[in-house]
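Let's take a walk through this structure together.

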Amino acid sequence: MDQSPPTALGERVRRAQRGDDDALRELIVGYQHRVAGFVFAMTNRSDVVEDLCQQVFIKMVRAIERLQAPEQFESWLFRLARNTCIDHLRRMKLRRIFTPFAPEHENVPEPDGAVDSEELDALRHALAQVRPQDRALLALVQEGRSHAEIAVTLGTSVAAVKARLHRAREQLRQHYQPPHEN
Amino acid sequence: MKTESLAWARLQQQAAAQLHPGFADRVIRAARAGAGVAPQFLRPFAVCAAMATLGLLAVSFYRVRASTEENARNLAGWQEIAAQADELDQTL
């Protein structure tokens with residue numbers, strides 16, 4: 001996890017903007033696990049995590065020189081991740097409309113070993129009941145982002161973030177059944 | 001909710017485990033290799049545009065050819081009429 005102070009992060013981003021591959025690598029290594037967690041929470045599938053993370057970071061590498069405020073790199077990166085996940089979910093929805101799926105293809109199970117704990121299984125079940133945009137909110141809160149940062153990432157107001165977060169938490173709580181309660 | 005926090009932590013671990021070693025290098029290579037290549041979502045549009053262009057070319061080629069042939073036929077008809085008129089003038 002990248003815990004570097006904001007100024008160090010800003011400097012690293014500026015180096016990356018000048019085309020320094022080492023800085024780019026440091027940024028990717030510093031954020032890859034956090035972005036992976038965010039992507040997993042948003043898509044609720046582990047088998048698309050690497051592919052989508054790759055798309056997110058490729059977009060990051062190609063667009064970083066256009067980032068105006070290097071200090072807002074994190075919000076910008078998570079916005080890229082959110083948009084990539086939403087595009088993916090839209091594509092999947094369209095594919096389901098245009099592809100004649102058989103009933104057994106509707107809920108493709110996770111690959112073997114993908115879900116290795118009951119807690120995670122329960123959380124995934126609960127997340128599946130929440131809208132993807134709200135899953136993004138919950139994942140960002142788990143990331144330790146403040147309401148203001150989340151508002152910047154999602155391009156909305158702090159008040160809207162608070163209201164949506166309250167609703168998303170309620171929904172998650174409603175559907176989350178810890179393993180010992182089963 | 002302690003178990004929920006534990007579940008989020010597991011989700012994070014599970015997600016991190018999906019990234020294979022050398023992920024950063026692969027990303028940088030792919031980003032550099034694909035710079036300038038049209039994004040994947042544009043490919044179907046490019047194929048559609050190419051097909052539409054081919055279709056338009058085929059239609060305009062057919063129309064030009066049909067119109068040239070019709071002009072040639074009309075010209076031949078008028079030439080024949082003009083020749084008959086000349087012949088008639090001479091006989092009168």
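Start at Asp87(A), which is partly exposed, with a relative accessible area of 33% (buried means under 20% relative accessible area, exposed over 50%, and partly exposed in between, with a 1.4 Å probe and protein chains only). Its partner is Arg90(A): the two form a salt bridge, with the closest N and O atoms 3.9 Å apart. The term salt bridge stands for a side-chain nitrogen of Lys or Arg within 4 Å of a carboxyl oxygen of Asp or Glu. Both residues sit in helix α4 of chain A, 3 residues apart, about one turn of the helix. Arg90(A) counts as exposed, because its relative accessibility is 53%.

A word on what you're looking at: this is a predicted model, in which local features need pLDDT of at least 70 and side-chain atom pairs count only at pLDDT 80 or more, while totals for chains, interfaces and linings use all residues. Residues are numbered from 1 along each chain as its sequence is written, chains are lettered from A and ligands numbered from 1 in the order in which they are written, and side-chain values use heavy atoms, leaving out hydrogens and water.

Back to the charges. A search of the whole structure turns up 20 salt bridges over all chains. One of them joins Arg14(A) and Glu71(A), at 3.3 Å from N to O. That pair links distant parts of the chain, with Arg14(A) in helix α1 (residues 6-17) of chain A and Glu71(A) in the loop between α3 and α4 of chain A, 57 residues apart. (Helices here are DSSP runs of H or I, at least four residues long, and strands are runs of E, at least two, numbered from the N terminus.) Arg14(A) is partly exposed at 31% relative accessibility, and Glu71(A) is partly exposed too, at 48%. Another bridge runs from Glu11(A) to Arg18(A), with the closest N and O atoms 3.6 Å apart.

Now for the inside of chain A. Is Thr84(A) buried or exposed? It counts as buried, because its relative accessibility is 1%. This residue lies in helix α4 (residues 73-98) of chain A. The side chain of Thr84(A) makes a polar contact with the side chain of Lys59(A), at 3.0 Å. A polar contact is a pair of N or O atoms within 3.5 Å; within protein, one must be able to donate a hydrogen and the other to accept it, and residues adjacent in sequence count only if both atoms are side-chain atoms. A polar atom of the Thr84(A) side chain also lies 2.7 Å from the backbone oxygen of Leu80(A).

Val35(A), in helix α2 of chain A, is buried as well, at 0% relative accessibility. Leaving out residues up to four places away in sequence, Val35(A) touches Cys53(A), Val56(A), Phe57(A), Leu77(A), Phe78(A) and Ala81(A), where contact means heavy atoms within 4.5 Å.

Next, the rings. There are 4 aromatic pairs over all chains; rings of Phe, Tyr and Trp (its six-membered ring) pair if their centres lie within 6.5 Å, and planes under 30 degrees apart count as stacked, over 60 as edge-to-face and the rest as tilted. Tyr31(A) and Phe73(A) make an edge-to-face pair, 5.4 Å centre to centre with 65° between the planes. Tyr31(A) lies in helix α2 (residues 21-43) of chain A and Phe73(A) in helix α4 of chain A, so the pair ties together parts 42 residues apart in sequence. Both Tyr31(A) and Phe73(A) are buried. Phe57(A) and Phe23(B) form another edge-to-face pair, 5.9 Å centre to centre and 80° between the planes. This pair crosses between chains, from helix α3 (residues 49-63) of chain A to helix α2 of chain B.

That brings us to chain B, which has 3 helices and 0 strands. Finally, 3 salt bridges span chain B and chain A, including Arg25(A) with Asp25(B), whose closest N and O atoms are 2.5 Å apart.
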